[in-house]
Amino acid sequence: MSETAWAAGFFEGEGSISLDRSRVTHRVKLNVNQVDAEPLRRFAAWAGVGAIHTRPGRGAWQMQHVWYATGQPAADV
């Protein structure tokens, strides 16, 4: 399987797309949340854009890793 096919399937299953709208601009936002950071590192390497940050766990929720990209780099992905 090609890396592009893997990335497309991974994002389709785990990712989300939203639009941040203001009076002046509209920005595309992409993100993927995972408990395991390794698939996010692989996706980020494929995409070549974005950043990964970590959200601490709270209560019954586990720590999560989040890859995100916004604006034109996100639209290019």
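Strands β1 and β2 form a hairpin in which four residues lie between the two strands, and their pairing is antiparallel, running over seven bridges. The model is predicted, with an average pLDDT of 92 for the chain and 100% of the residues scoring at least 70.

**Hairpin and confidence**
- Strand β1, residues 15-21, has the lowest mean pLDDT among the elements of the chain, at 91, whereas helix α2, residues 38-47, has the highest, at 96.

**Helix α2 and its buried side**
- The buried residues of α2 are Pro39, Leu40, Phe43, Ala44 and Ala47.
- Because these residues cover an arc of only 135° around the axis, they lie on the same side of α2.
- An α-helix has 3.6 residues a turn, so residues three or four places apart point the same way.
- The elements against which the buried residues of α2 pack are α1 (3-14), β2 (26-34), β3 (51-55) and β4 (64-70).
- Just after α2 comes Gly48, which takes a positive phi of about 75°.

**Aromatic pairs**
- Five aromatic pairs are found in a search of the whole structure.
- In one of them, the ring centres of Trp6 and Phe10 are 5.0 Å apart and the planes stand at 10°, so this pair is stacked.
- Trp6 and Phe10 both belong to helix α1, where they are four residues apart, about one turn of the helix, and both Trp6 and Phe10 are buried.
- Phe11 and Phe43 also form a stacked aromatic pair, with 6.0 Å from centre to centre and 15° between the planes.
- Since Phe11 lies in helix α1 and Phe43 in helix α2, the pair ties together parts that are 32 residues apart in sequence.
- Phe11 has a relative accessible area of 15% and is therefore buried, and Phe43, with a relative accessibility of 1%, likewise counts as buried.

**Ring cluster and a charge over a ring**
- Trp6, Phe10, Phe11, Phe43, Trp46 and Trp67 are linked into a cluster by ring pairs.
- Trp6, which is a member of this cluster, also has the charged end of Arg42 sitting over its ring, 3.9 Å from the ring centre.

Terms used:
Residues are numbered from 1 along each chain as its sequence is written. This is a predicted model: local features need pLDDT of at least 70, side-chain atom pairs count only at pLDDT 80 or more; totals for chains, interfaces and linings use all residues. Side-chain values use heavy atoms; hydrogens and water are left out. pLDDT is the predictor's confidence in each residue, from 0 to 100. Buried means under 20% relative accessible area, exposed over 50%, partly exposed in between (1.4 Å probe, protein chains only). The arc is that of the directions from the helix axis to the C-beta atoms. Contact means heavy atoms within 4.5 Å. Two strands pair if DSSP finds at least two bridges between them. Rings of Phe, Tyr and Trp (its six-membered ring) pair if their centres lie within 6.5 Å; planes under 30 degrees apart count as stacked, over 60 as edge-to-face and the rest as tilted. A charge sits over a ring if NZ of Lys or CZ of Arg is within 6 Å of the ring centre and within 35 degrees of the ring normal.
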